[in-house]
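This report goes through the strands, helices, ring pairs and selected residues of one model. The structure is shown first.

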Amino acid sequence: NVSSVKDAYLNSCPTATLGEMADAFMSGPSWTDFPSDSGGTVVELTGEISYEGYPSTALIQFDLSGGSFEASYLGINDVDQSLITLNVLLNKMCEATY
């Protein structure tokens, strides 16, 4: 389950896999998975990032169901963030691979 997300490309970033994006942007990225309440799987990425100039821990969750997945959650230092912030972070992670 982890590799199906880690080795995938986002439509917004066709030049790098999520794993490559995490490696380029985060310090010490770590991937895990667990069953979701809806019967699918949640793949979780955690790693150290710089947020507003401070070292921070980011937690991104991807909902995996069937053959597709979507980024569904972002927490920074255990504080829930908006989906807009999640999308901004994913774009910054993509830019880090250039």
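The sections below describe the sheet, the helices, the aromatic rings and several single residues.

## Basis of the description

The model is predicted, and local features need pLDDT of at least 70, side-chain atom pairs count only at pLDDT 80 or more, and totals for chains, interfaces and linings use all residues. Residues are numbered from 1 along each chain as its sequence is written, and side-chain values use heavy atoms, with hydrogens and water left out.

Helices (H or I, at least four residues) and strands (E, at least two) are DSSP runs numbered from the N terminus.

## Strands and sheet

Five strands make up an open sheet, ordered β3-β4-β5-β6-β7, with antiparallel pairing. Two strands are taken to pair if DSSP finds at least two bridges between them. Strands β3 and β7 (79-80) are the edges, each pairing on one side only. Within the sheet, β4 (residues 41-51) pairs with β5 in the antiparallel sense over 11 bridges. Thr-41 is opposite Leu-64 of β5. Strands of a sheet pair through backbone hydrogen bonds, either parallel or antiparallel.

Strands β1 (residues 9-10) and β2 (residues 13-17) also run antiparallel, joined by two bridges.

Helix α2 (residues 18-25) lies across β3, β4, β5 and β6 (68-76), and runs at about 140 degrees to β3. Helix α3 (residues 83-95) packs on the sheet as well, where it touches β4, β5 and β6; its direction is at about 105 degrees to that of β6. Axes are lines fitted to C-alpha atoms, for helices over the stretch in contact, and angles run from 0 to 180 degrees between N-to-C directions.

The axes of α2 and α3 cross at roughly 85 degrees and come within 8 Å. This makes α2 roughly perpendicular to α3 (angles under 35 degrees count as roughly parallel, over 145 as roughly antiparallel, 65 to 115 as roughly perpendicular and the rest as oblique). On the α2 side the contact is made by Leu-18, Met-21, Ala-22 and Phe-25, and on the α3 side by Leu-89, Leu-90, Lys-92, Met-93 and Cys-94. Contact here means heavy atoms within 4.5 Å.

## Aromatic cluster

The structure has two aromatic pairs. Trp-31 and Phe-62 form a stacked pair, at 6.4 Å centre to centre and with 20 degrees between the planes. Trp-31 belongs to strand β3 (residues 27-35) and Phe-62 to strand β5, so this pair ties together parts that are 31 residues apart in sequence. The rings of Phe-62 and Phe-69 have centres 5.9 Å apart and planes at 80 degrees, so this pair is edge-to-face. Rings of Phe, Tyr and Trp (its six-membered ring) pair if their centres lie within 6.5 Å; planes under 30 degrees apart count as stacked, over 60 as edge-to-face and the rest as tilted.

Ring pairs link Trp-31, Phe-62 and Phe-69 into a cluster. Both Trp-31 and Phe-62 are buried, with Phe-62 at 0% relative accessibility. Phe-69 is partly exposed at 22%. Buried means under 20% relative accessible area, exposed over 50%, and partly exposed in between (1.4 Å probe, protein chains only).

Ser-56 lies in β5 (residues 54-65) and counts as buried at 2% relative accessibility. A polar atom of the Ser-56 side chain lies 3.1 Å from the backbone oxygen of Tyr-54. Not counting residues up to four places away in sequence, Ser-56 touches Gly-47, Glu-48, Ile-49, Tyr-51, Ile-76 and Asn-77.

Thr-41, in strand β4, is buried at 15% relative accessibility. With neighbours within four places in sequence left aside, Thr-41 is in contact with Asn-1, Asp-33, Phe-34, Pro-35, Ser-36, Phe-62, Asp-63 and Leu-64.

## Positive phi in two loops

Most residues other than glycine have a negative phi. Glu-52, not a glycine, has a positive phi of about 55 degrees. Glu-52 is placed in the loop between β4 and β5 and is exposed, with a relative accessible area of 66%.

Asp-78, also not a glycine, has a positive phi of about 65 degrees. The loop between β6 and β7 holds Asp-78, which is exposed at a relative accessible area of 79%.

Notes. Polar contact = N/O pair within 3.5 Å; in protein donor to acceptor, adjacent residues only side chain to side chain.
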